[in-house]
Amino acid sequence: MNLALLGVGLMGYPVAERLLQSGHQLTVYNRTIAKVYPLKEKGARIARTPQEAWSEAEGILLTLSDAQAIADVLFSGTYSDFLGKTIIQMGTIGPSESRAIQKELAARGADYFECPVLGSRQEAAEGTLILLVGSSDAQFQKWKGFFKALGPDPWHIGGVGQAAALKLALNQLIASHAVGFSLSLGLIERNHIPVEIFMDILRQSALYAPMFDKKLANWLRRDYARPNFPAKHLFKDVALIFQEAKDKGLSTESLEALRQLLLKTMDKGLGDLDYSSVFNAVNNI
Ligand SMILES: NC(=O)c1ccc[n+]([C@@H]2O[C@H](COP(=O)([O-])OP(=O)(O)OC[C@H]3O[C@@H](n4cnc5c(N)ncnc54)[C@H](OP(=O)(O)O)[C@@H]3O)[C@@H](O)[C@H]2O)c1
């Protein structure tokens with residue numbers, strides 16, 4: 001297929017590589033152009049403007065930070081006709097934001113659906129992302145084959161907004177688990193209990209989540225470099241979850257605590273590092 005990918009960041013880069021490996025024709029655009037050059041050697045065409053990227057493309061993939069970035073990239077240029085094109089939104093944004101983008105694009109003749117993902121750089125590079133599709137049945141059927149390059153078993157969650165909401169529900173657990181585990185590990189360390197004893201008991205219990213072991217080395221070494229998913233994006237997601245919970249009449253107190261801790265993480269200058277850096281905020285390091 002002839003595709004465009006807008007946003008060559010931590011996720012966009014491996015998604016682009018994977019699409020090229022799968023034989024798609026791909027044009028890439030990134031605001032900071034230096035990030036796209038390595039993709040040229042791998043067969044991508046480089047566009048200097050978003051419009052140049054999507055002019056020939058049938059499908060336009062968005063791997064941008066947030067709804068503001070999407071608006072800046074899609075709607076701020078002079079050429080804003082998307083007639084006959086399909087825009088596939090893969091970032092983590094709010095359900096109402098996704099529906100608003102759909103409406104705006106429909107007015108410009110475009111087809112739109114969302115496909116937020118669970119997984120990170122490694123899963124994108126290996127084509128093992130969990131793809132959460134919010135679309136019509138017809139869109140899902142049409143694009144099902146294409147999804148296989150990125151994830152073996154795409155989930156059709158429902159319409160636009162529903163996959164975005166499910167993604168927020170999952171990321172709420174990322175934030176809660178990271179903060180909850182950080183506090184428990186702090187209690188263990190400050191009571192001079194061997195961490196391995198704590199972990200052995202935890203692994204045998206129903207309380208265990210695999211992410212605890214996945215991030216344990218980061219926490220023990222206080223090393224949050226080489227981020228897959230930076231703390232600043234988890235902060236962005238918690239704000240989206242807060243809004244969605246509020247809109248749906250759910251309690252937001254726990255989210256306010258997560259928001260404060262992630263804000264503190266960023267105030268410590270850790271926003272661009274892995275989200276496990278929230279440990280330092282929880283433990284007053
Ligand atoms: N990383 C993960 O593990 C992961 C997993 C699942 C979902 N996600 C979601 O996927 C999306 C992308 O994440 P990421 O990790 O790839 O983020 P990232 O590395 O920070 O990349 C963000 C991308 O958005 C672009 N961008 C931001 N603001 C812009 C603006 N105003 N105008 C134009 N371009 C703009 C950046 O361009 P520049 O390079 O010029 O800054 C970059 O290409 C986010 O919604 C994130 O929550 C990420």
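Tutor: A residue counts as near a molecule or strand if one of its heavy atoms lies within 4 Å of it. This is a predicted model in which local features need pLDDT of at least 70 and side-chain atom pairs count only at pLDDT 80 or more, while totals for chains, interfaces and linings use all residues. Residues are numbered from 1 along each chain as its sequence is written, and side-chain values use heavy atoms, with hydrogens and water left out.

Student: How many residues surround the ligand?

Tutor: The closest residues to the ligand are N30, T32, K35, S120 and K236. Of these, K35 places a polar side-chain atom 2.5 Å from an oxygen atom of the ligand.

Student: Which residue has a polar side-chain atom 3.0 Å from a nitrogen atom of the ligand?

Tutor: The ligand also has an oxygen atom 3.4 Å from a backbone N or O atom of L64, but there the protein atom belongs to the backbone. The polar side-chain atom that lies 3.0 Å from a ligand nitrogen belongs to D72.

Student: What area do domain 1 and domain 2 bury between them?

Tutor: The domain assignment, which is automatic or taken from a database, gives domain 1 as 2-159 and domain 2 as 164-282. Their contact (heavy atoms within 4.5 Å) takes 17 residues from domain 1 and 18 residues from domain 2. Buried area is the accessible area, found with a 1.4 Å probe, that two parts lose on being put together, summed over both. For these domains, with 64% of it on carbon and sulfur atoms, the value is about 1,400 Å².

Student: How many salt bridges does the rule find across the interface of domain 1 and domain 2?

Tutor: A salt bridge here is a side-chain nitrogen of Lys or Arg within 4 Å of a carboxyl oxygen of Asp or Glu. By this rule the model has a count of twelve, yet across the interface of domain 1 and domain 2 the number found is zero.

Student: Which residue forms a salt bridge with E17?

Tutor: Side chains of opposite charge can pair when their charged atoms come close. E17 sits in helix α1 (residues 12-21), and its partner, 25 residues apart, is in the loop between α2 (37-40) and β3 (45-46), where helices (H or I, at least four residues) and strands (E, at least two) are DSSP runs numbered from the N terminus. With the closest N and O atoms 2.5 Å apart, the partner of E17 is K42.

How values were computed. Polar contact = N/O pair within 3.5 Å; in protein donor to acceptor, adjacent residues only side chain to side chain.
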